Amino acid sequence: MKTAHACRACRDGAELDFAFTMAFQPILDLATGTVWGYEALVRGPEGQGAGTILDRVTDDTRYRFDQAARVKAIELAGRLFPPGGTERLSINFMPNAVYEPNACIRASLEAARRVGFAHERIMFEFTENERFRDTAHVQNIVAAYRRHGFLTALDDFGAGFAGLSLLANFRPDLIKIDMDLLRGIDADAGRQAIVAGLIAIARALGVTVLAEGVETAAECDTLHRLGVHLFQGYHFAKPLLEGLPAVAGFPVTRAPAMVA
């Protein structure tokens with residue numbers, strides 16, 4: 001019954017009455033000195049913040065928006081990312097908007113095929129802050145995405161109350177430690193101890209750790225010393241609307257030249 005409803009929502013559901021696009025922020029690998037990937041972040045057509053768009057998503061349009069956002073991110077990546085590269089595309093998704101994982105992923109797979117973007121380079125992020133209506137259903141989503149060859153990430157890790165439980169249940173490929181837990185970590189022994197513990201747990205589970213929202217060199221140095229290699233944040237680059245921002249000291253990712 002749920003799948004049938006999803007099919008109707010995709011086929012003839014309410015149209016979106018607003019436009020949106022994506023900004024891209026780099027994810028850097030300090031161990032190799034390379035750009036590991038880019039996260040696609042929802043923005044308004046003129047660069048308005050994500051909140052101005054997400055506030056317009058209703059229960060009736062959640063499924064359609066989630067599908068449209070994935071396709072928009074993949075289409076832009078197909079145009080902006082260099083062909084044959086290895087940089088990953090990280091896309092946020094709404095688990096509560098996914099009815100049947102294998103059916104709901106078809107539009108993403110088709111978009112990737114259409115623009116020539118290898119779907120194995122795509123990572124889907126779900127956030128600890130979202131209240132999951134059905135934990136078993138989210139486990140099924142993660143397992144299905146992994147079978148298709150996608151990476152999965154648990155975003156905002158440490159921001160909610162169920163982080164360790166979600167990590168145990170879902171076993172994503174990557175966790176993104178929440179910025180509030182990292183803020184000022186260079187001068188806070190307690191935060192250092194907590195993050196060191198999280199890194200040890202993740203390592204034992206074979207899960208990669210990414211520090212997000214890093215804003216200072218001191219935070220970066222401390223986290224790197226603790227064993228983090230993947231970083232994202234304003235210290236390196238702000239998101240760029242429909243573009244890939246340059247990062248000093250890292251290889252420049254260039255889009256293919258446009259043919260007149």
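**Salt bridges and strands**

Reply: Arg79 counts as partly exposed, at 37% relative accessibility; partly exposed lies between buried, under 20% relative accessible area, and exposed, over 50% (1.4 Å probe, protein chains only). The model is a predicted one, in which local features need pLDDT of at least 70, side-chain atom pairs count only at pLDDT 80 or more, and totals for chains, interfaces and linings use all residues. Residues are numbered from 1 along each chain as its sequence is written, and side-chain values use heavy atoms, with hydrogens and water left out.

Me: Which side chain meets Arg79 in a salt bridge?
Reply: Glu242 does, at 3.9 Å, N to O. A salt bridge here is a side-chain nitrogen of Lys or Arg within 4 Å of a carboxyl oxygen of Asp or Glu. Arg79 lies in helix H3 and Glu242 in the segment after strand S9 (240–241), so the pair ties together parts that are 163 residues apart in sequence. Helices (H or I, at least four residues) and strands (E, at least two) are DSSP runs, numbered from the N terminus.

Me: And Glu242, how exposed is that one?
Reply: Glu242 is partly exposed, with a relative accessible area of 36%.

Me: What does Arg114 form a salt bridge with?
Reply: The partner of Arg114 is Glu75, with the closest N and O atoms 2.7 Å apart. This pair also links distant parts of the chain, since Arg114 is in helix H5 (residues 106–115) and Glu75 in helix H3 (residues 62–80), 39 residues apart.

Me: How many salt bridges are there in the whole structure?
Reply: A search finds 15.

Me: Changing topic: is strand S5 mostly covered or open?
Reply: Strand S5 (residues 151–157) is mostly covered, with 6 of its 7 residues buried.

Me: Which strands pair with S5?
Reply: Strand S4 (residues 122–127) pairs with S5 in the parallel sense over 5 bridges, and strand S6 (residues 174–177) pairs with S5 in the parallel sense over 3 bridges. Two strands pair if DSSP finds at least two bridges between them.

Me: Which residues stand opposite each other there?
Reply: Glu125 stands opposite Ala153 in S5, and Leu154 stands opposite Ile175 in S6.

Me: Finally, how much of the chain is buried?
Reply: Buried residues make up 48% of the 260 residues. The secondary structure of the chain comes to 10 helices and 9 strands.
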